[in-house]
Amino acid sequence: MKICLYAPVLMKNFYGEPDFTFKHAKSIGVEAIEIFSTELKDKTLKEYKSFAAGYGIDISGIVCDASMSEKEADKRLAGIDKVKRCVDDASANNVKRIMVDPKVKNVGGISQVRSMEDKIFVRDTICEGLNKIVEYAKGSGVTITLENFSQHTHPFSTKEEVLYQLKNVPGLKYTLDTGNFYCVKDDVLEAYELLKGYIDNMHLKDWVEYEFGYSIHPNIPVLDGCTMGEGVVPLHELLERMKADNVFDIDCILELNTIEITKNDVEQSTNFIKKYL
């Protein structure tokens, strides 16, 4: 299991110059970072990868957000084309994975999914778009993945919804997000058993109930991220199962969704993973 770090944790929540934070990440065992396509505005992927390589850190993958559920076909096509360009860029720079984030439209705090009919439309248009992207990526050396999302309005949040996409998009792989199932009142251990044959990588996330955190689901307490292994997500049991099943040769991307992240939080989280290596 390769220890990786969500790029926003490294670049936006640590204080100090980027070279200091990259040095610190490398010193505690971080081997790679996962970046967002939106971070490639100031630097090209080639420049970003070269910069990180100067500190011995690789780019494990790219999260590419794309609007793929709009009612207008031309807008959906624009989202698909955006991911295709990202595939070309990743392939040219030897980045092996793109996690697609299919945006569900939200205007003025109101989701486009307000009925089961809406949800089925969004599910099927996303499925159609993912099929086109996976087909395009064949032969490029780039794996396309989808994660379980954290909002019940998104039709790829529960384990059954994720399985629907995986079964209906041949070649699509799965990014297991350990924290997001909690946000939709689903069980991560049950989800793992159902979806483990599709897992390509993992976003490791843990939650605690916290007065100043945020609530995604109306029936879930307000949450904040925490050091791995100290919250409500059964990470110990999950990692033991993964090790026993030999589902361990993957990138483990630490995603600390907490209001204030310290270097100590990241170091303790990397140490938590090392116990299972």
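Is K196 buried, partly exposed or exposed? K196 is partly exposed, its relative accessible area being 28%, where buried means under 20% relative accessible area, exposed means over 50%, and partly exposed covers what lies in between, with a 1.4 Å probe and protein chains only. The points below place this residue and several others in the model.

1. Basis of the note. This is a predicted model, in which local features need pLDDT of at least 70 and side-chain atom pairs count only at pLDDT 80 or more, whereas totals for chains, interfaces and linings use all residues. Residues are numbered from 1 along each chain as its sequence is written, and side-chain values use heavy atoms, with hydrogens and water left out.

2. K196 and its partners. The side chains of K196 and D245 form a salt bridge with an N to O distance of 3.2 Å, the term standing for a side-chain nitrogen of Lys or Arg within 4 Å of a carboxyl oxygen of Asp or Glu. K196 sits in the loop between α8 (188–195) and β9 (199–204), and D245 in the loop between α9 (235–244) and β12 (251–254), so the pair ties together parts that are 49 residues apart in sequence; helices (H or I, at least four residues) and strands (E, at least two) are DSSP runs numbered from the N terminus. D245 is partly exposed, at a relative accessible area of 35%. Both residues belong to a network of salt bridges that links E193, K196, E237, R241 and D245.

3. Other salt bridges. A search of the whole structure finds 20 salt bridges. One of them joins E34 to R97, with the closest N and O atoms 3.9 Å apart. Because E34 lies in strand β2 (residues 32–36) and R97 in strand β4 (residues 97–103), the pair ties together parts that are 63 residues apart in sequence. E34 is buried, with a relative accessible area of 0%, and R97 is buried as well, with a value of 4%. A further salt bridge brings together the side chains of D101 and K103 at 3.1 Å, N to O; here D101 is buried at 12% relative accessible area, while K103 is partly exposed at 37%.

4. Strand β1 and its neighbours. Four of the five residues of strand β1 (residues 2–6) are buried, so the strand is largely enclosed by the rest of the structure. β1 pairs with β12 in the parallel sense over four bridges, pairing being assigned if DSSP finds at least two bridges between two strands. β1 also pairs with β2, again in the parallel sense, over three bridges. L5 stands opposite L254 in β12 and opposite I33 in β2.

5. Cysteines. The structure holds zero disulfides, a disulfide being a pair of cysteine sulfur atoms within 2.5 Å. C252 is in no disulfide, and the nearest cysteine sulfur, that of C4, is 7.5 Å away. C252 is buried, with a relative accessible area of 0%, and C127 also counts as buried, at 8% relative accessibility.

6. The surroundings of V83. V83 lies in helix α4 (residues 73–92) and counts as buried, at 0% relative accessibility. Leaving aside residues up to four places away in sequence, V83 touches C64, A66, I98, V100 and I133, where contact means heavy atoms within 4.5 Å. V83 and I144 are 61 residues apart in sequence and 9.8 Å apart in space, C-alpha to C-alpha.
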